[in-house]
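Visitor: I am new to this structure and would like to learn how to read it. Please take me through a few features in turn.

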Amino acid sequence: MSGHGYESGRLNLPFVGISTFGKRAYIEDWDTIDADIAILGAPFDGGTQFRPGARFGPRSVREASTLFSFGHGGAYDHEDDLTYLGADVRIVDIGDADIIHTDTAQSHANIAAGVRAILKAGALPVTIGGDHSINIPCIDAFEGHGDIHILQIDAHLDFVDERHGVRNGHGNPMRRAAEKPYVTGLTQLGIRNVSSTAKEGYDAARAMGSDILSVRQCRAIGPKALAGRIPEGARVYITLDIDGFCPSIAPGTGTPSHGGFLYYDVLELLQQVAQRNEIVGIDLVEVAPAYDAGDSTSVLAAQVLLNLMGFIMHARQGEG
């Protein structure tokens, strides 16, 4: 048993204790972050146009993540013959950004402050939403930190410029990102069916440097070639909307869209990207647990995040 995390005398099983992400240490003072990866909750869903409830996403994903916290000193993958996220990987949970009800601007500012604190500490920011509008402050926080390319996995393009005066809702984040001088391009994958963005939005996205592919197109290309569409050497920020997955496996979201990705579609792509490119930030959004029978969506979200963090840290350690 030595080295597997059971030496303290407590089993500390998943259903015991406080539900921080993966049962990692909670850091309340954002000036004292000392970690490789820091988790930030962004429980804001004021940008939602249909079913609300993603404000409870961070809490639900954290609780689901305890399933993967049996204290084995990392996660052994027999297919890769690797142990991911071992004891040498420092992960902390810094809690939630403060949300001001009905105040999008201040809520977004508080989210951006959390991401900036993580970047200042030299850690990888992993933000759990909340609706997709929380990507806007996440990308705002990268100003002054070099150029980034955005990989979006989503059912919807989210490239609306303005609708009825709204510029910072969950249909706008990729348009706001594309306007940033430090965002060098977007790879938008899984886009399908009737979108929240009209044709002129697609035209604008392509004119502003977007590469847009549906689920069927992604599957025809395959994960390795798909990852190869991201420019070599680009620093990549990944934004993962849970509705990019098929609602048959991820029903707990506000805007479900059938025909989405399955687990291995996304897992294999993320592994390829982590091997090819430096990943500098992550957000996962639109988990709405009220619609999530059996917590399957929250478990999927937690598992994908842990997989991705494992891939990233293994790639970094390999460089060392």
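Visitor: Is strand β11 mostly covered or mostly open?

Guide: Helices (H or I, at least four residues) and strands (E, at least two) are DSSP runs, numbered from the N terminus. Buried means under 20% relative accessible area, exposed over 50%, and partly exposed in between, using a 1.4 Å probe and protein chains only. Strand β11 spans residues 278-285, and seven of its eight residues are buried, so the strand is mostly covered. This is a predicted model, in which local features need pLDDT of at least 70 and side-chain atom pairs count only at pLDDT 80 or more, while totals for chains, interfaces and linings use all residues. Residues are numbered from 1 along each chain as its sequence is written, and side-chain values use heavy atoms, with hydrogens and water left out.

Visitor: Which strands are joined to β11 by bridges?

Guide: Two strands pair if DSSP finds at least two bridges between them. Strand β6 (residues 124-129) runs parallel to β11 and is joined to it by three bridges; in this pairing I128 stands opposite L284. Strand β10 (residues 235-241) is also parallel to β11, with seven bridges, and R235 has E278 as its bridge partner. Between β10 and β11 the chain passes through helix α8 (residues 263-276), a right-handed β-α-β crossover. Right-handed means that, with the strands pointing away from the viewer, the path from the first strand over the helix to the second runs clockwise.

Visitor: Which residues have the most contacts inside the largest nonpolar core?

Guide: In soluble globular proteins, nonpolar side chains tend to be buried together. A nonpolar core is a set of buried Ala, Val, Leu, Ile, Met, Phe, Trp, Tyr and Cys residues joined through side-chain atoms within 4.5 Å. The largest one here has 51 residues, and I37, F245, L305 and M309 have the most contacts inside it. Helix α9 (residues 296-319) supplies the largest share of this core, eleven residues. A second, separate core has 39 residues, including F44, V92, A177 and I212.

Visitor: What does F245 touch?

Guide: Contact means heavy atoms within 4.5 Å. Leaving out residues up to four places away in sequence, F245 touches several residues, among them R192, L240, F261, Y263, L300 and V304.

Visitor: How many salt bridges are there?

Guide: A salt bridge is a side-chain nitrogen of Lys or Arg within 4 Å of a carboxyl oxygen of Asp or Glu. By this rule the count is 16. One of them joins R55 to D45, with the closest N and O atoms 2.8 Å apart. Both residues lie in the loop between β2 (37-42) and α1 (57-65), so the pair ties together parts that are ten residues apart in sequence. R55 is partly exposed at 44% relative accessible area, whereas D45 is buried at 5%.

Visitor: Where do K180 and D140 lie?

Guide: K180 is in the loop between α4 (173-178) and β8 (183-189), and D140 is in helix α3 (residues 135-140), 40 residues apart. Their side chains meet in a salt bridge of 2.7 Å, N to O. K180 is partly exposed at 24%, and D140 is partly exposed at 23%.

Visitor: Which residues are linked in a network of salt bridges?

Guide: The network links D161, E162, R167, R175, R176 and E179.
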